[in-house]
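Hi,

Here is the structure I promised to pass on to you. Have a look at it first, and then read on for what turned up in it.

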Amino acid sequence: MNFLTLRYFQAVAQERSFKGAAGRLGLSQQTLSEHIRRLEEELGADLFSRTRPLTLTEAGERLMLGAEEILSAKSRLDWDIWSR
């Protein structure tokens, strides 16, 4: 798992759509789906219920909370580094 994959996951969770998130991120839907599939394999859990609109599973909800904290902390660190 890396920061980029967390951003991709977060975008899909926020958009509740692979298509919408792919458009927002400037990626193909296939590329985004592959990133999420690999993340789910790595974690050993489904993160989304593939319904319309997408919904987060319990594992997805927990990851979303963690992803928000991690990406927020990264943003603060990036700001601290570049603001010197």
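Arg16 sits in the loop that links α1 and α2; helices here are DSSP runs of H or I with at least four residues, strands are runs of E with at least two, and both are numbered from the N terminus. Although Arg16 is not a glycine, its phi is positive, about 60°. Its relative accessible area of 34% makes Arg16 partly exposed (buried means under 20%, exposed over 50%, and partly exposed in between, with a 1.4 Å probe and protein chains only).

Before going further, please keep in mind that this is a predicted model: local features need pLDDT of at least 70, side-chain atom pairs count only at pLDDT 80 or more, and totals for chains, interfaces and linings use all residues. Residues are numbered from 1 along each chain as its sequence is written, and side-chain values use heavy atoms, with hydrogens and water left out.

Now for the overall picture. The protein chain has four helices and two strands, in the order α-α-α-β-β-α from the N terminus. Its C-alpha trace spans about 45 × 25 × 20 Å along the principal axes. Of the 84 residues in the chain, 33% are buried. Taking contacts (heavy atoms within 4.5 Å) between residues at least 6 apart in sequence, 50% join residues at least 24 apart.

Next comes helix α2, residues 18-25. Which of its residues are buried? They are Phe18, Ala21 and Ala22. These residues lie on the same side of α2 because they cover an arc of only 100° around the axis, the arc being that of the directions from the helix axis to the C-beta atoms. Their cover includes α1 (3-15), α3 (29-43) and β1 (48-49). On the face turned away from the buried side you will find the exposed residues Lys19 and Gly23. At the start of α2, a side-chain oxygen of Ser17 comes to within 3.2 Å of the backbone nitrogen of Lys19. After the helix comes Gly26, with a positive phi near 75°.

- Gln10 belongs to helix α1 and is buried, at 16% relative accessible area. Leaving out neighbours within four places in sequence, Gln10 contacts Met64, Glu68 and Leu71.
- Lys74 belongs to helix α4, residues 58-82, and is buried, at 19%. With neighbours within four places in sequence set aside, Lys74 contacts Phe3 and Arg7. The side chains of Lys74 and Asp78 are joined by a polar contact of 2.6 Å (a pair of N or O atoms within 3.5 Å; within protein, one must be able to donate a hydrogen and the other to accept it, and residues adjacent in sequence count only if both atoms are side-chain atoms).

One more detail concerns the backbone. Which type of peptide bond joins Arg52 and Pro53? The bond is cis, with omega about -5°. Pro53 is placed in the loop between β1 and β2 (55-56).

Happy exploring, and do write back with any questions!
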